[in-house]
Every structure is written in C-alpha cells, then in structure tokens.
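Please look over the sequence and the model before reading on.

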Amino acid sequence: MPPETTPATRVRIDTFDASKGLDRGRPGWVEALWYLAKSVFFLSALPWPQFIKHGLLRAFGARVGTGVNIKPRVNIHFPWKLELGDWSWLGEEAFILNFEPVRIGRHACVSQRVFLCGGNHDYRRPDFAFRNGPITIDDGAWIGAQAFVGPGVTVGIDAVVTAGSIVTRNLPPGMVCSGNPCVPVKPRWPDPEPPAPGQP
Amino acid sequence: MPPETTPATRVRIDTFDASKGLDRGRPGWVEALWYLAKSVFFLSALPWPQFIKHGLLRAFGARVGTGVNIKPRVNIHFPWKLELGDWSWLGEEAFILNFEPVRIGRHACVSQRVFLCGGNHDYRRPDFAFRNGPITIDDGAWIGAQAFVGPGVTVGIDAVVTAGSIVTRNLPPGMVCSGNPCVPVKPRWPDPEPPAPGQP
Amino acid sequence: MPPETTPATRVRIDTFDASKGLDRGRPGWVEALWYLAKSVFFLSALPWPQFIKHGLLRAFGARVGTGVNIKPRVNIHFPWKLELGDWSWLGEEAFILNFEPVRIGRHACVSQRVFLCGGNHDYRRPDFAFRNGPITIDDGAWIGAQAFVGPGVTVGIDAVVTAGSIVTRNLPPGMVCSGNPCVPVKPRWPDPEPPAPGQP
C-alpha cells in the first residue's frame, strides 16, 4: 500500500464486471470450441486452404462472402459478430477484437498487423466498465498495415488509411487518411466523378 | 565494402558487449528454463489458467499480486525483474522487455499489443552499448492497445495512454495522454477532487 | 448490395492479378519449402542456433554476412530477396515483407516488431495492382522498435529511426529521425567529423 501522503488510485478493477456491457453471443462451450479452431486454423502460421477457414467461420456464425482471402496468423475474437464482404482481404497478423459487430465491406482490404479494436473501457468510471463499439470498414476501403481502428468507428467507402495510422473517429468516403489521430488528407481518386452506372 | 568515396558507417556492432550494462539476474540455465516455460505457457495461444501463470512467474522471482489477469500470447523477458500489482491486467500480445525492473501497479491495465520496452542502446557510441532503463506503470494507469513505452519511463497514477501512443517521457498522474511523442491532453476524471479517505 | 442511391465502391479486388507486378523469384515448391522452414525455424519462439538460421537463409538464396544475429519469431517472406550485412541484427517479431529486395547493411539494427513492408498497392487503380518496392537499411542504421518502413525507402548510413516511427520517404545519413511521417530531427553523432581513416 502506498504511504498515506501519496494520492491513491481511484481505479478499482476488482469491481469490473465482465458480464455488463458485453453480450458474448454464444455459450461458453461454443466459445471454447471456436478458440480451439482459431488456435489451429487461424492463429497458426500454416496456410490452411481458404475453404476451410470460410467453412469454420460460417459454422460459427460469420457471414463470409465469395473470394474472401484470409492470410495466416489472423486473430478473430467472435466469428458470430463478423461479416466479411465479397473479395475482402484480411492480412497476416490482423487482429479483430469484435466485442461488437465488425463488418468488412466488399473489396475492402485489411492489411498486415492491423488491429480492429472493438473493445474499450470507460476510463472515467472506477470500475473500468466496458464501452465497446462496432466497427465498419466499408466497401472498397483499405486499412494500411499496422494501423489501429478503435471502437465505434466507420471507415467510409473507398477510404484509404495509410500504414500506422491511429483511427479513433469516422473517416469519410473516398479520402486518403493519415496520422495519429487519423484525418482525411486528399481524395483517393484522381477525378471526382462517380463510377459508371452498373458498376458493382 | 563501400568504395573509398562513400562515407562509411561509424557503428561497430561487432564491438558490442552484451555483458556490459545488463545484469541478466539469473544463471543461464534458469533463463533457459524460463524460456521454455514462457514458450509453453505464455507465448502460446492456449488460455492456461491464471494460477498456473502466476505460480510460474512467482517461481521465477516475479511479484504477482491477487486478481492479476494475464491473457495469452504475452511475452515476458525476465520474470525476476517484474512486479504485477493486485488486479492488474496484461492484454494479449503484450511484450515486456524488462532488461531493467518493470513494475505494473495495482488496478493498472496494459492492453493488447503494448510494448513495454526497457531495452535501449546508446546510439552515440559506436559499440552500441546498452542504455536500458526501468519502467513503472503506476497504480490505476491504463496503457492503451498497441502503445509503446520506452526505457526509464514512469506513467503516473491513473494516467491514461491512448491506443498507439509512443511514450518516451514520464507522464503525470491523472491525465489522458496521447500522440507521438505522447503528451498529456486532458484530465482523466471529471472532477479534480481527491478520492475519499480510506479508498484503497 | 447497397441501395441505388448509395455511391458504390470503385474498387474491384476481384480483378486484382497477383501475377502482375510481382516476380516471386522461385517456383511454388521452393516457396512452400521455405514456408515450412520459416514456420519451424524462424516464426517459432524456439531460439534456434544462428548457424542453422544462416544456413537455411543462404540455402534459399539470401546473402548473410558474418556475425548476423537473428532473434526468434522473425517473419521473412522471400529469403532470395534478402541481404543481411555483417554484424546486422534482426529483433524479435521483425516482419520483412520483401516482395522486392531488402538490404540490411553492415552493423545495422532492426529492432523488435519492426515491419519492413516492401508490399504496396496502387490505390488509384480499381484493380488494386501491386506497387511494391525495395527497401534499403544502410550500414549502421538503427530502426527502432515497432517502426514501420514502407516500400521504396532507403534509410541512410547511420540514420536512427526512433521507436514507433512511420517511414514512408528516404531518410538522410547520420540523422536521428522520428514521427509519422518520420522526418530528420537532429544529428546522431555529437561531432560532424568523419570517422578516422581505416575504420571499416
């Protein structure tokens, strides 16, 4: 214990209640089963075929589109709170802490070592209560390597987040965004025209 | 070899002496044994029960309080130079390179992918000599995900370091701190009052 | 599919052609063999002897100098596109995504969790075409822990990149560099004199 004259911490993590503010979504035995599957087929360096990974994710409740590419050593917390759009990519060592739903759009790319962090705590509460949030990486967006995306964030359609950026607020569509905090810097596309009609 | 006209490097890593400026603290066989235990019980993705991890850390000289929560895939270099206060947390993939003592205070939280880096080199010396330093994460402090904390740093009581921050200097108590370099931004608590007497 | 009124993504990752803009350099079976060797001897936490790692890297086409120190859990993509100079270091969890050649100079240090990322995509092209680039960490340079170095970058002789920096442009020799984006901040050496003649 600190001496009487030292200001003491106000935090009381021993009063933290992990059952509040978090719906784990599945019974414990399902979670345990997923953890096992994850350890063998996802966290491992072995390049398991995509159809096995897709099948497992779907069996555990994820929505997985066609043409999805999941690299080795990817950490997915709750597959039943995950949606991977058609032709989306998950790079090596991507970490998806989806306490709340995470949606990766179609043609979206999440690069190596990206951390999509849907977990948070209310630091103004001594009990450190959960303050988790969903994350949306919209269609065509690209999250550059080693970037961090926090809870509650939506990265807009076709937005680009440069490598190592720290994203804590929503990002608009079609912009290249950078920095800590990550902010829009310039348009992604050379011209501002909308895509031709009929383009998916 | 570079041509004569190219300025040559002044660095001579071949003259680096790993035995200077670093007290490994235990004989080689103990270190080897710890490395083995670490590989199986800490670096692994398997969620070993906390009592096994606590027991191992204590057996190797760490001070581990009650209620400590150590997630999987945590990398601890020297347990005999580690102190984990009551109700402290170590998140997934936290990396504690404690060449010098690292103290995590009571009710302190070290989030996912945080790197507490007690190792350093004197870059002004061609022999790249060690310039390691201790790290203190004081009671109630929260180091956000993916943050880096350098050698010699003390993060004050109840300070909050936002995700992805790079901490190279001491941070005052009770402040939310952010950025690279990480600096205090605003108070953590809504009111400036000290906690009630008797609060632990 | 998004409603008609929503602007659609212009990205078409399904048209991405992985065979364009990337010369994998070796037939698939060699790559598979390397992947196996990498998983066992490099990604693993086990501290395999240096001579085994050096021998493997050389067998797969890397140029490895004398006195090179490769720590555990290092991820090297294509050894046949890697050059490690005499007395260079690769820290734990260093990730070398060398789609194009990566050269680490003599007496250069790549610290823990550094990401040398030679991979990139042209985000202005809907097909997300490769836009990879080589990386040079010149003699005596030090890339601090958790830093990111992007494609096409040369870090000059004896430059120091501080921990957590994001390097997307060339850095001059002999300077301490920092930040996101990483820029030169101050000279590394106390005096501007060249090293004594005869120094390697």
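A:Arg63 has A:Glu83, in strand 4 of chain A, as its bridge partner. The model is a predicted one: local features need pLDDT of at least 70, side-chain atom pairs count only at pLDDT 80 or more, and totals for chains, interfaces and linings use all residues. Residues are numbered from 1 along each chain as its sequence is written, while chains are lettered from A and ligands numbered from 1 in the order in which they are written.

**Sheet in chain A**
- Strand 1 and strand 4 (residues 82-84) of chain A run parallel and are joined by two bridges; strands are DSSP runs (E, at least two residues), numbered from the N terminus, and two strands pair if DSSP finds at least two bridges between them.
- Five strands of chain A, in the order 1-4-7-10-13, make up an open sheet with parallel pairing.
- Strand 1 (63-64) and strand 13 (154-155) of chain A are the edge strands, each pairing on one side only.

**Chains A and B**
- In chain A, 20 residues are in contact with 31 residues of chain B, contact meaning that C-beta atoms, placed from the backbone, lie within 7 Å.
- Helix 1 (28-41) and strand 9 (115-117) of chain A each supply at least two residues of the side that touches chain B; helices are DSSP runs (H or I) of at least four residues.

**Chains A and C**
- Chain C is superposed on chain A by a rotation of 120° with 0.0 Å of shift along its axis (RMSD 0.0 Å), by least squares on the C-alpha atoms of residues with pLDDT of at least 70 in both.
- The two copies are therefore related as by a three-fold rotation axis.
- C:Asn180 comes closest to the rotation axis of the residues of chain C, at 4.5 Å (C-alpha).

Conventions. Two residues are in contact if their C-beta atoms, placed from the backbone, lie within 7 Å.
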